[in-house]
Each structure stands twice: as C-alpha cells, then as structure tokens.
Amino acid sequence: ETSSGRREDLLPIKPESEKPISENMDAFEKVRTRLETQPQEEYEVVNAEIKHGGFVYYQEGCCLVRSKDEEADSDNYEVLFNLEELKLDQPFIDCIRVAPDEKYVAAKIRTEDSETSTLVVVKLSDQPVMEASFPNVSSFEWVKDEEDEDVLFYTFQRNLRCHDVYRATFGDNKRNERFYTEKDPSYFVFLYLTKDSRFLTLNIMNKTTSEVWLIDGLSPWDPPVLIQKRIHGMLYYVEHRDDELYILTNVGEPTEFKLMRTAADAPAIMNWDLFFTMKRNTKVVDLDMFKDHCVLFLKHSNLLYVNVIGLADDSVRSLKLPPWACGFIMDTNSDPKNCPFQLCSPIRPPKYYTYKFAEGKLFEETGHEDPITKTSRVLRIEAKSKDGKLVPMTVFHKTDSEDLQRKPLLVHVYGAYGMDLKMNFRPEKRVLVDDGWILAYCHVRGGGELGLQWHADGRLTKKLNGLADLVACIKTLHSQGFSQPSLTTLSAFSAGGVLVGALCNSKPELLRAVTLEAPFLDVLNTMLDTTLPLTLEELEEWGNPSSDEKHKNYIKRYCPCQNIKPQHYPSVHITAYENDERVPLKGIVNYTEKLKEAVAEHTKGAGEGYQPPNIILDIQPGGNHVIEDSHKKITTQMKFLYEELGLDSTDAFEALKKYLKF
C-alpha cells in the first residue's frame, strides 16, 4: 500500500549501524497518510490488485481500472467497469483474474456488510463492456483451451456452502455449464491455478481432509485427473513445476506438513517422494513456487522464517526474520527473479521485503525506522499449562513503562480451526500501546501456531486444553508482573468467543472486562441444528452431539451458554450482526439474556455496595460476520474498556483521530 517504487527502495538486511539514511517517508507515515485521506468506514480495506502482461488491474474509486505498469501510481488509467452499475452499497473488489491473452478480465465484487459476492466479466477492447455477471461466486480462475478460447472456471456458493463448480465461455461460443458437484455436505470446493498456470487444481476439503483433481491448463475440456482419493485425516495441496508436482501434505509420521514431489504423469500417492521436512512446532504459512526455487513461509516456535529451496541442487537457505514481525502478507507476484512479501505486527504497519534469487539475499524497504521500534518492546514468553504443555505468548508494551503491574492489559485469544490468532496491523492496537497498555496474544491449542498437532490437541474432546492454556497464560502474565486482574481485559471474535465465554464462567476473577465480536457462544444448540449452513462442515472441530453422547456431554462441560451461573462476572460488551449467517444472532441473544439473569440473581444476594458488571449487546445491521475496519465498532469497544477500568481516554482518542476520520 506504499508507492509502487517501493521495491526499488530496498537494501540488503545489515546490522542496524550500517543502514544508510534514506530520504523516503517512513512506512508508518505512508500508511497513516493513506488512512487519513480515505473516507470514513473505508479505511484499510485492501483492494485487490493484479499485474498481467504490461498492465496493472486495480480499483480506483468505484471503478475497475487498468494502467500501464510504469504508470500505476499516476492518474493515467483506463476505466473498465463502474461498480455503481451493480447498485450495491459501498462495493469493493475482492479479487481480480485476467484471461491468459487479456481478452477478458473477471472481478469479484463484495460489500462490507455482506458475504455474498458478484462476479463480473468484462470484455477488453477499445470500448470495454460487461460480458456477463454471476452471483454468489467464491473462487474463480481462467485457462485457455486448444482453440485459444478463454474458459472461466468458478465455484458457486449457496448458504455459505461451496459445492458446485461451473465452466463458462464467452463471445460467439457462449456457454455456462456445471462441471462438478460435491455430494458430501461436510466438504467445500475451491479452485487454485498453479503458479506456472499449467494446471487448475480442484480442491475438495473439510477441516481435516482433502482431495485434489487436476484440470489440464492446455486441455480444460478433458476429464480431470484425481491425484489421491480422500482419506480421513489426510491433507494435501499441489503446486507444479517442470513436469513435476510438489505436494504439501501431512501424510506419514509425524502428521505435520512436509513437501513431497512426483512426476505430473504419475500423481498417485505411491509415487510421492519425500523432498523436505519441517522442524517440530512449525506452521507452514504459505508456499510460493518459482522457476528454480521453492519458497516456504514458516512460523517456528512463534518466530517467522523464510526457507528458500534451490530446486536445481536441493540446497536450503533458512532466513530468520526480524523478531518484531508477527505475520506475513503475501504479494501477488509474477517476477521470476524476486520473491517479495510484507511483514507486519499488530502495532507496526506492513514493511516490504524482497528475496533476490540471483544474489541469494533478503532486501528490506529503506526509509526512516518506524518510531514504534524504539518506543515499544515485543516479548515472546511461555506459560506452562496444567498438563505441562508450554503455550507461547506474544507481548507488547511501551519501553519506558514503569511498574507494569499497574498498567492495563488487553489479552487476545482464538484457539480454533487450526487458524493463527490474527496479528495484522491495527491502528487502535498501536494507540493502546502508546497510551501505556500491555497487549498479550495467547497462542493456545486449537489454533495453528505450532503446526497441525497444536490444532488436533485443542479440538473435539480436547477443546478444554485451549481453556486451560488461556488460564495459564493470564496467570503467568500476572505472576511475571504484567498487570493484575482488576486491570485485565480480554478480546475475541467468532470462535474465540467459546474460550472467552468458558473462562468467564470458570475463572471470572481473572478479568475485569471483555469485548466480543460476533462470538460463538451457544455451541451445543448450534451443533445440534443441522439446518444451519456450517454445522455439518464443523463437526470435525466441535464434534457431533446429535449422534455421539460422548461429544454431547463434553460440549456441555465448556459451552458458554450451558454453564452460566449466579456469580460475579466481568463486564461484557458484545457486538453482533443482524443477519450474520455464520454465528446466528439467536444464540448470542440467548446467551446475553441468560447472563443478565444470572448477574441480577447474584446481585440480589451480594449485599449493599456491590457493583454489578455491565452486560451490553450491540446489534449492528448487515449480514457480514466480522467487520474488522468499522470505526464505530473500534471506538465503541475502546470507550467501553477505558470506562470499565476507570481510565482517561482523552489522549487515546486524540491519537486515534490520526488514523480514523471522525
């Protein structure tokens, strides 16, 4: 999101003292300037951008446009399609794909308050014209057939379920036909085009199992080829280079991801050869394939690494990335000589890095160092859970903070689906640290931070491990001098609400206040209702209480809604969305009403002078699940936390105005 000249402004990573001074604006200022100039409720929506041929395709205002690569930052662009034609409220482009010979471009368009999307196909000519539009498209890719005709493959999503694949052609030979339907409702389908465009992969997956079919990128009308039939518990993903398939899979012991390869014309599992294994406690974040290199983006023991594998000589170069970095942002890149990516943290805007294969070096974007690197500290500490397992945490605080025990603490947790806790840059987190808060991110079991086993140890009948980990994390923070219970707050969204709700029921004395967004709180009733869109897809995560009494009884032990009792609770602020299909509003309302009843009952017998907690349910319009960038939500939640802790928020809200236009 900085200027397009960014990759020329790169220097090899050197010790701090050797870094030359640059005239460039530092990354923080660039991001802040961009945020300040964007209209309210639109800040930091990262719009799609793709390079193809000599052009860059992107969104400018309410239009899909393209410009010559070298003019990407100028006003010299061609308008291809006006999004206002769709009559949507504040539409934005989510994804762009250009047909191989640039006769067509397809763009998926969404709005902030809904998960539904529209795919628009534009014919590129002297007068670009919309050729077709398709509702409810999830993934989509172009290939070219033997007759040089562009073929669009796309998946159709209904009620959050993605089971149907279609293929379409345009122009004189217009057609649109269903190509594949997945019959098992617990699986979903998505399309991925290999980096070299040689194969389109049809990926059929649920939370623990996958099956991949290859569609020939040169003969897309031929029947697809199955690589390996689905086997319960086996995951695999496919890339291609030089007539070989590179397969990232958990097959074999240990059941963590490893890289295997086989000839493209012999894809069956018995032909797979082990090519590269990961260290223990490693999460594979992403893989990128180049002509002579394979690049793995890894998280190992809560630190980020890039492994560059030379495919000609099987050499491996492992690069440990700067300790401030907590997350990768991948770059859509077609340059065979360089591998660009960004690093970010919750309190630091993204910074560009490029690995140059010819020089075998990693280069970083130059510019004045973000002041946050001097004014804050990032610590990686571990808590010992009750079964002895060490749980990693990432902690941020101001360098010059004195007496950390008296500082407010905001804890973050997720712990589900094998997904990492979100650690992308958030301006409000930066403001909190600058205002003296401690931020702690607890990477509990059920998440994916330490690999596939870390997820397995926190799902189904091991879900309580995640709760034990969260308790251990908060107690460890307090015992190591980070804040105290009366100044401790907790924030989570979606499935993270399960652990937070369970903690409020079992250890309310650890907390003062909680903010939740679209939280999953009624696990038992949701998983008993198979008419809901995601219930069948999520049996692998939560269990099947309809048919398995063991699962049902286990869910009852931790389900937030099932364990509310008259006792002292922390104050709770919940943001929910009226038409959220993922977490039904009914369960959140039910939880809130039960919680208010329990609080009222406890208050009756608590004696004079007892201050009951505030329980607030803020129902917002719209059908999206989580609206990360909503100014209203950010300011409401911050105001709630400051008021609950009795802190003055004047300075924090003044600082926040640098980012958000009020």
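This is a predicted model: local features need pLDDT of at least 70, side-chain atom pairs count only at pLDDT 80 or more; totals for chains, interfaces and linings use all residues.
## Overall build

The protein has 662 residues and a radius of gyration of 25 Å, which agrees with the value near 26 Å that a compact globule of this length would have. Along its principal axes the C-alpha trace spans about 85 × 65 × 50 Å. The secondary structure consists of twelve helices and 37 strands.

Of the 662 residues, 57% are buried. The accessible surface comes to about 28300 Å², and carbon and sulfur atoms account for 48% of that surface. Among contacts with a sequence separation of 6 or more, 56% are between residues 24 or more positions apart.

## Strand 15 and its two partners

Strand 15 covers residues 199-205, and seven of its seven residues are buried. Cover is found on both faces of the strand. Phe 199, Thr 201, Asn 203 and Met 205 are buried on one side, while Leu 200, Leu 202 and Ile 204 are buried on the other.

Strand 14 (residues 188-193) runs antiparallel to strand 15 and is joined to it by six bridges. Within this pairing, Phe 190 has Asn 203 as its bridge partner in strand 15. The two strands form a hairpin with five residues between them, and Ser 197 in this hairpin has a positive phi near 65 degrees.

Strand 16 (residues 210-216) also pairs with strand 15 in the antiparallel sense, over seven bridges. Here Leu 202 stands opposite Trp 213 of strand 16. Strand 15 and strand 16 form a hairpin as well, with four residues between them.

In soluble globular proteins, nonpolar side chains tend to be buried together. The largest nonpolar core in this model holds 92 residues, and Leu 470 and Trp 542 touch the most other members. Helix 5 (residues 463-479) supplies the largest share of this core, with eight residues.

Which residues does Leu 470 contact, leaving aside its neighbours within four places in sequence? They are Val 411, Val 413, Cys 442, Val 444, Leu 490, Leu 499 and Leu 503. A second, separate core has 19 residues, including Leu 248, Phe 257, Leu 259 and Tyr 305.

## Salt bridges

Side chains of opposite charge can pair when their charged atoms come close. The model has 33 salt bridges.

| Pair | N to O distance |
|---|---|
| Arg 178 and Asp 164 | 3.9 Å |
| Glu 177 and Arg 167 | 2.7 Å |
| Arg 430 and Asp 434 | 4.0 Å |

The salt bridge between Arg 178 and Asp 164 links strand 13 (residues 175-181) with strand 12 (residues 161-169), its two residues being 14 apart in the chain. Is Arg 178 buried or exposed? Arg 178 is exposed, because its relative accessible area is 52%. Asp 164, in contrast, is buried at 6%.

Glu 177 and Arg 167 also form a salt bridge. Glu 177 lies in strand 13 and Arg 167 in strand 12, so this pair ties together parts that are ten residues apart in sequence. Glu 177 has a relative accessible area of 28% and is therefore partly exposed. Arg 167 counts as buried, with a relative accessibility of 12%.

Arg 430 and Asp 434 both belong to helix 3 (residues 427-434), where they are four residues apart, about one turn of the helix. Arg 430 is buried, with a relative accessible area of 3%, whereas Asp 434 is partly exposed at 38%. Elsewhere, salt bridges with shared partners join Arg 241, Asp 242, Lys 291 and Asp 292 into one network.

## Pro 584

Where does Pro 584 lie? Pro 584 is in the loop between strand 36 (571-577) and helix 10 (585-604). With a relative accessibility of 23%, Pro 584 counts as partly exposed. Pro 584 and Glu 644 are 60 residues apart along the chain, and their C-alpha atoms are separated by 28 Å.

Note on methods. Residues are numbered from 1 along each chain as its sequence is written. Side-chain values use heavy atoms; hydrogens and water are left out. A salt bridge is a side-chain nitrogen of Lys or Arg within 4 Å of a carboxyl oxygen of Asp or Glu. Buried means under 20% relative accessible area, exposed over 50%, partly exposed in between (1.4 Å probe, protein chains only). A nonpolar core is a set of buried Ala, Val, Leu, Ile, Met, Phe, Trp, Tyr and Cys residues joined through side-chain atoms within 4.5 Å. Contact means heavy atoms within 4.5 Å. The radius of gyration is taken over C-alpha atoms; the globule rule is 2.2 Å times the number of residues to the power 0.38. Accessible areas come from the Shrake-Rupley method with a 1.4 Å probe; for residues, only the protein chains shown count as cover. Two strands pair if DSSP finds at least two bridges between them.
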